[in-house]
Amino acid sequence: MPLKDKLRGYAREVLGFEFVGFVLADDFRSYVEDWAKTIIALGLETWDDSFDMAIFRVKNGKLDVYYVYEAILARKALKLCLYLRDLGFKAEHVPYSLPLKQVAVKAGAGCYGKNSLIINPQYGSRIRFTSVVTDADVEADAPFEGDLCGECDACMRACPLQTITEPYKINARRCVNSLVPPSRDVDPDVLEVAPKLLRRPTDNSMILCSLCQAVCP
């Protein structure tokens with residue numbers, strides 16, 4: 001079995017990723033180490049709102065924040081790294097240093113949506129991404145072509161704060177999710193509606209607002 005098929009099959013059938021795509025590391029050379037030859041883009045459907053829950057606490061004067069979907073993605077991605085190493089390749093999980101949205105589009109996962117998230121043909125914007133870099137030489141997939149949004153502007157109309165100022169452009173000061181720790185400055189009226197849009201399962205957790213995703217057809 002070709003290496004590409006073997007890796008994709010393992011990531012999908014064993015680890016449960018909904019999307020697995022391959023990109024040449026040279027396309028993102030400034031973000032990865034010289035030894036890297038391939039970036040594996042990995043996508044997981046966030047089928048429940050709790051995937052977008054942030055859990056936080058202050059310990060020894062330092063704020064610790066954990067996102068549920070990041071923890072799940074990391075656990076699965078590290079297993080793929082172990083699988084690659086067993087095959088004799090070098091592999092590392094790279095969750096933050098790469099521009100994951102750009103990588104996802106380049107790998108064929110979908111296009112940029114008007115809500116600034118990646119829109120996948122099957123899962124819409126309810127898919128989150130991470131990546132693994134490896135020295136395995138794998139043929140790249142074709143990038144995604146086309147616009148899945150078309151004339152639809154449901155996400156723009158659904159946001160009560162008009163966070164999406166124009167298609168594909170977000171004003172972070174108008175987004176209630178900016179209040180999730182570590183929080184950013186927001187406009188005063190965002191604070192007023194925050195209790196309605198940010199659910200608090202516990203005193204130390206928040207579920208991000210997802211109205212723009214819920215209305216996406």
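Predicted model: local features only at pLDDT ≥ 70, side-chain atom pairs only at ≥ 80, totals over all residues.

Guide: The largest pocket holds about 1300 Å³ of space. Its lining is made up of 45 residues, and those lying nearest the centre of the pocket are Tyr-69, Lys-101, Leu-117, Arg-128 and Leu-208. By class, 31 residues of this lining are nonpolar, nine are polar and five are charged.

Several elements of secondary structure contribute to the lining. At least two residues each come from β4 (62-67), α2 (68-86), α3 (100-106), β8 (127-134) and α6 (211-214). Of the contributors, α2 gives the most, namely five residues.

Two of these elements, β4 and α2, also meet at a sheet. This sheet is open and consists of three strands in the order β4-β3-β11, with antiparallel pairing. At its edges stand β4 and β11 (205-207), each of which pairs on one side only. From one strand to the next, the twist averages 20°. Strand β3 (residues 53-59) runs antiparallel to β4 and is joined to it by six bridges; Lys-59 stands opposite Lys-62 in β4. The helix α2 packs on the sheet, where it touches β3 and β4, and its direction makes about 70° with that of β4. Thus α2, the element that gives the most to the lining of the largest pocket, is also packed on the sheet, while the edge strand β4 supplies at least two residues of that lining.

Definitions and conventions: Residues numbered from 1 in each chain as written. Heavy atoms only, no water. 1 Å grid on protein atoms, 1.4 Å probe; cavity = no way out; pocket = protein on both sides within 12 Å on 5 of 7 lines; lining within 4 Å. Points joined across faces, edges and corners; volume = space filled by probe spheres on them. Helix = DSSP H or I, 4+ residues; strand = E, 2+ residues; numbered from the N terminus. Nonpolar A, V, L, I, M, F, W, Y, C, P; charged D, E, K, R; others polar. Pairing = 2+ DSSP bridges. Axes fitted to C-alpha atoms, helices over the stretch in contact; angles between N-to-C directions. Contact = heavy atoms within 4.5 Å.
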